[in-house]
Amino acid sequence: MRPRIGISLGSQDFSPSFPLLRTPAACVWWQWDVKSPHPILRLVEAQSKHWYHAYQWLYVPLALSMVTATYPFDNLLLSKAYLRPKRWLFFAIWVALAIVLPYLNHGWRGLGHVALMYVTVSIIMGYSFQVSHNHRTLRCGDRAGTPAPYDPKGPIDIDAWLRLQIEESVSWGGYWSTLVWGGLNMQIEHHICPGHDTTLYYFISLELKKICAKYGIRYTYEPSLVTAVRQYHRDLYHMGQ
């Protein structure tokens with residue numbers, strides 16, 4: 001009997017019908033963090049290349065600068081069925097809080113402060129997710145154009161699911177980074193242990209690295225956000241040439 005990789009995922013039911021074990025749900029992060037930025041960013045070989053991609057390593061902060069500003073419009077246009085009856089109400093509340101009240105109380109300066117907040121949060125959040133799934137050691141980072149092989153008709157075996165989440169993600173930083181970033185820096189642990197307290201991710205990572213080494217599973221780690229961002233920019237430069 002081959003050894004199985006046992007990782008606790010809280011009280012989740014991992015029967016074959018469980019949504020996370022069915023594709024493409026198991027790879028939804030690949031759709032958002034690797035595929036959807038195209039044609040603004042070219043992240044895999046399978047994507048078409050344009051002249052401006054040669055400069056994407058320079059303009060990526062601008063491309064990420066309004067990521068969160070699109071969320072109210074995404075909620076308005078793409079919201080799930082149970083939210084649709086209230087989507088216009090939510091959008092109106094956002095307009096009032098983010099546009100009307102700042103302008104009435106502080107004029108254009110108020111709107112400028114709101115814009116600065118969105119730009120700052122967008123860049124931080126954008127880099128946080130981009131470095132988590134775009135790295136030279138990942139399969140999509142190796143330019144295969146798809147995440148690890150899986151049956152598109154699903155479901156996939158729990159061991160295959162765990163390997164997929166580990167080998168297609170990047171963790172960076174240490175304990176203090178985990179506290180500051182709410183565990184998102186430990187993206188591998190974030191994927192395979194959604195039922196755990198995020199403050200435990202760093203300690204889980206120490207044992208998970210040993211498990212991965214024992215069973216030949218690739219675990220990608222960067223020591224800090226700076227090194228992760230540096231590697232991401234190198235990757236962008238390579239994909240633009």
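Lys210 is exposed, with a relative accessible area of 56%; exposed means over 50%, buried under 20%, and partly exposed in between, using a 1.4 Å probe and protein chains only. I start there and will come back to its partner. This is a predicted model, in which local features need pLDDT of at least 70 and side-chain atom pairs count only at pLDDT 80 or more, while totals for chains, interfaces and linings use all residues. Residues are numbered from 1 along each chain as its sequence is written, and side-chain values use heavy atoms, with hydrogens and water left out.

First, salt bridges. A salt bridge here is a side-chain nitrogen of Lys or Arg within 4 Å of a carboxyl oxygen of Asp or Glu. Side chains of opposite charge can pair when their charged atoms come close. The count is 3.

Lys210 pairs with Glu207, at 3.6 Å from N to O. Both sit in helix 8 (residues 201-215), 3 residues apart, or about one turn of the helix. Helices are DSSP runs of H or I with at least four residues, strands are E runs of at least two, and both are numbered from the N terminus. Glu207 is partly exposed, at 44%.

Arg163 and Glu167 form another bridge, with the closest N and O atoms 3.1 Å apart. Why are these two residues separated by about one helical turn? Because they are 4 residues apart in helix 5 (residues 158-167). Arg163 is partly exposed at 31% relative accessibility, whereas Glu167 is buried at 4%.

Glu45 and Arg42 also meet, at 3.3 Å from N to O. Glu45 is partly exposed, with a relative accessible area of 39%; Arg42 is buried, at 7%.

Is His53 buried or exposed? His53 is buried, with a relative accessible area of 0%. Setting aside neighbours within four places in sequence, its contacts (heavy atoms within 4.5 Å) include Arg42, Tyr59, Leu236 and Gly240.

Thr178, in helix 6 (residues 175-180), is buried too, with a relative accessible area of 1%. Beyond four places in sequence, Thr178 touches Gly183, Asn185, Met186, Thr198, Tyr201 and Tyr202. Thr178 and Tyr201 are 23 residues apart in sequence, and their C-alpha atoms are 7.3 Å apart.

Next, a helix pair. Two packed helices are described by the angle between their axes and the distance between the axes. The axes of helix 3 (residues 71-78) and helix 4 come within 12 Å and cross at roughly 135°. That makes the two helices oblique to each other. Among the residues making the contact are Tyr71 and Phe73 of helix 3, and Trp88 and Met125 of helix 4.

Helix 4 (residues 87-133) also holds Leu101, which is partly exposed at 40% relative accessibility. Leu101 belongs to a nonpolar surface patch whose other members include Leu83, Phe90, Tyr103 and Trp108. Together the patch residues have about 1,100 Å² of accessible area.

Last, the whole chain. The protein has 9 helices and 2 strands, in the order α-α-α-α-α-β-α-α-α-β-α from the N terminus. Of its 241 residues, 41% count as buried. Among contacts with a separation of 6 or more, 64% join residues 24 or more positions apart.

Conventions. Patches are made of residues with over 30% relative accessible area and no salt bridge: like charges are joined within 9 Å, nonpolar side chains (Val, Leu, Ile, Met, Phe, Trp, Tyr) within 5 Å. Accessible areas come from the Shrake-Rupley method with a 1.4 Å probe; for residues, only the protein chains shown count as cover. Axes are lines fitted to C-alpha atoms, for helices over the stretch in contact, and angles run from 0 to 180 degrees between N-to-C directions. Angles under 35 degrees count as roughly parallel, over 145 as roughly antiparallel, 65 to 115 as roughly perpendicular and the rest as oblique.
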